[in-house]
Amino acid sequence: MDKRFISLRFAAAVAALLLVSKLGVSAETAAPASAGSPASPQAPQSALPPKIDPRADHLLSRSCEGLGSSKAFTFHAEIAFDKVLPSNVKLQFAAAADYAIQRPDQLAVEFHSDLGGKQIWYNGTTVTILDPPHMFYATLEVPSSIDGMMERLEEVHNLSIPLADLAYSHPCEMFRKGVIYSAYIGVNDVAGEDCDHLAFTKNDVDWQVWLQRTGRHLPRKVVINYRNAPGSPEYVAVLSDWKFPESIPASVFRPDLPKDAKRIDIMKVKETKP
């Protein structure tokens with residue numbers, strides 16, 4: 001669950017859907033010397049080895065394997081995300097999104113937030129992004145797989161689709177990338193349901209996930225904290241209404257553009273990372 005969460009990745013009409021973050025590394029402050037004694041140089045300490053909790057790793061793998069083996073699924077997300085103003089005042093906004101994934105080459109997202117909305121359609125050859133409030137859309141030719149499409153958007157156009165890590169053919173590969181710490185926190189509540197609560201840390205991001213304890217062990221909640229970004233903004237998504245049909249109608253992945261929508265170049269849709 002890296003910068004694609006986005007990446008996962010939330011701050012402006014376009015960035016709210018096309019979130020990615022490349023965050024700086026903050027300096028650590030050394031502890032003061034003991035009172036009453038002169039400060040003395042301390043021997044340099046080597047970095048602590050990664051601590052990966054086997055239980056957390058097993059539970060995440062079990063959930064990822066279930067999603068990775070599913071040919072088609074849909075889910076709903078209720079989202080809260082922070083926007084840090086230049087004055088360092090941190091504001092929170094709300095959003096909702098609906099996802100439809102059919103492997104290997106179809107994806108659709110409908111996203112609405114306090115800051116605007118986006119719709120995305122991917123049909124195996126092109127990805128189309130519509131900005132309904134501004135009546136603009138852009139279309140781009142991309143590789144013929146969900147994995148390839150998202151990698152192309154990220155690498156070439158600096159764009160990513162929030163929560164789309166769940167659509168990768170091997171979701172855990174994305175989640176584990178760069179993890180230096182993980183822990184099993186315990187059994188905690190999400191919307192009245194007991195879930196296994198896991199925590200993970202990367203160099204610049206802390207993230208948590210709550211997984212169902214029964215059935216497909218699906219993700220029910222995700223929290224991402226960008227601790228090295230100004231104001232440490234946070235992203236929270238509660239996932240629900242999971243469905244696993246045999247197939248999803250092709251019309252779901254076909255762009256449904258308003259008559260008055262104007263086509264623009266994909267580069268004009270790109271936003272800087274918050």
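Which residues of α1 are buried? The points below take up this and other features of the model.

1. The structure is predicted. The protein chain has an average pLDDT of 82, and 79% of the residues score at least 70. Residues 1-49 have a pLDDT below 50, yet this stretch has 129 contacts in the model beyond near neighbours in sequence. Another stretch, residues 268-274, stays under 50 as well, with 22 contacts beyond four places in sequence.

2. Burial in helix α1. On the opening question, the buried residues of α1 are A56, L59, L60, S61, S63, C64 and L67. An α-helix has 3.6 residues a turn, so residues three or four places apart point the same way. The list of buried residues in α1 includes L60, C64 and L67.

3. Geometry of helix α1. Helix α1 covers residues 54-68, which makes 15 residues. At the start of α1, the backbone nitrogen of R55 has a side-chain oxygen of D53 within 2.8 Å.

4. Strand β8 and its partner β7. Strand β8 spans residues 193-201, and seven of its nine residues are buried, so the strand is mostly covered. Nine bridges pair β8 with β7 (residues 181-190) in the antiparallel sense. Within this pairing, F200 of β8 stands opposite S182. The hairpin of β7 and β8 has two residues between the strands, and A191 there takes a positive phi near 50°.

5. Strand β8 and its partner β9. β8 is also joined to β9 (residues 206-212), by seven bridges, and these two strands run antiparallel. They form a hairpin with four residues between them. What is the bridge partner of F200 in β9? That partner is W207.

6. Residue Q106. Q106 is found in strand β3, which runs over residues 106-113. Is Q106 buried or exposed? Q106 is buried, because its relative accessible area is 15% and the cut-off for burial is under 20%. Leaving aside residues up to four places away in sequence, Q106 touches A100, I101, Y122, N123, I146, A250 and F253.

Methods:
Residues numbered from 1 in each chain as written. Predicted model: local features only at pLDDT ≥ 70, side-chain atom pairs only at ≥ 80, totals over all residues. Heavy atoms only, no water. Buried < 20%, exposed > 50% of the residue type's maximum accessible area, 1.4 Å probe, protein only. Pairing = 2+ DSSP bridges. Contact = heavy atoms within 4.5 Å. pLDDT = per-residue confidence, 0-100. Expected span 1.5 Å × (residues − 1). Polar contact = N/O pair within 3.5 Å; in protein donor to acceptor, adjacent residues only side chain to side chain.
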